[in-house]
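Please keep the sequence and the model in view while reading.

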Amino acid sequence: GIGFQSSEELEIGTYYDARIQIWNKEVVDAVIQIVRREDAVDGIYKYGGSFVGMTDADAMKIDIYQIFNDI
């Protein structure tokens, strides 16, 4: 999944095409579903999203990041 902040109000359960820059500056394309939203503080909402669509190669990049991040 992914956490992010936005000034836009997004609805829980909606899907979005996303281009995400990962730690090594590469960009991965994904479809995310909004699964969590915290009310805006100073105009900024906090969101949790679940990856529901991504190429296998991009998914592997995320998995590798998780492995190194957990160490």
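## Ser6 and its surroundings

A polar contact is a pair of N or O atoms within 3.5 Å, and within protein one of them must be able to donate a hydrogen and the other to accept it. In this predicted model, a polar atom of the Ser6 side chain lies 2.9 Å from the backbone nitrogen of Glu8.

Ser6 belongs to strand β1, which covers residues 2-6. Buried means under 20% relative accessible area, and Ser6 counts as buried because its relative accessible area is 17%. When its neighbours within four places in sequence are left aside, Ser6 is in contact with Gly43, Ile44, Tyr45 and Tyr47.

## Nonpolar cores

The largest nonpolar core has 6 residues in all, namely Ala18, Ile20, Ile22, Val28, Ala30 and Ile62. Strands β2 and β3 (27-41) each supply at least two residues of this core. Beyond its neighbours within four places in sequence, Ile62 is in contact with Ile22 and Met54.

A second, separate core holds 5 residues, among them Leu10, Ile32, Ile34 and Tyr45.

## The largest pocket

The largest pocket holds about 150 Å³ of space, and the residues that line this pocket are Gly1, Ile2, Ile20, Gln21, Ile22, Trp23, Phe51, Ile62, Tyr65 and Gln66. Two or more lining residues come from each of β2 (15-21) and α1 (56-70), with α1 giving the most, 3 residues.

By type, the lining of the largest pocket divides into 7 nonpolar and 3 polar residues, with no charged residue.

Conventions:
Residues numbered from 1 in each chain as written. Predicted model: local features only at pLDDT ≥ 70, side-chain atom pairs only at ≥ 80, totals over all residues. Heavy atoms only, no water. 1 Å grid on protein atoms, 1.4 Å probe; cavity = no way out; pocket = protein on both sides within 12 Å on 5 of 7 lines; lining within 4 Å. Points joined across faces, edges and corners; volume = space filled by probe spheres on them. Helix = DSSP H or I, 4+ residues; strand = E, 2+ residues; numbered from the N terminus. Nonpolar A, V, L, I, M, F, W, Y, C, P; charged D, E, K, R; others polar. Buried < 20%, exposed > 50% of the residue type's maximum accessible area, 1.4 Å probe, protein only. Contact = heavy atoms within 4.5 Å. Core = buried A, V, L, I, M, F, W, Y, C linked by side-chain atoms within 4.5 Å.
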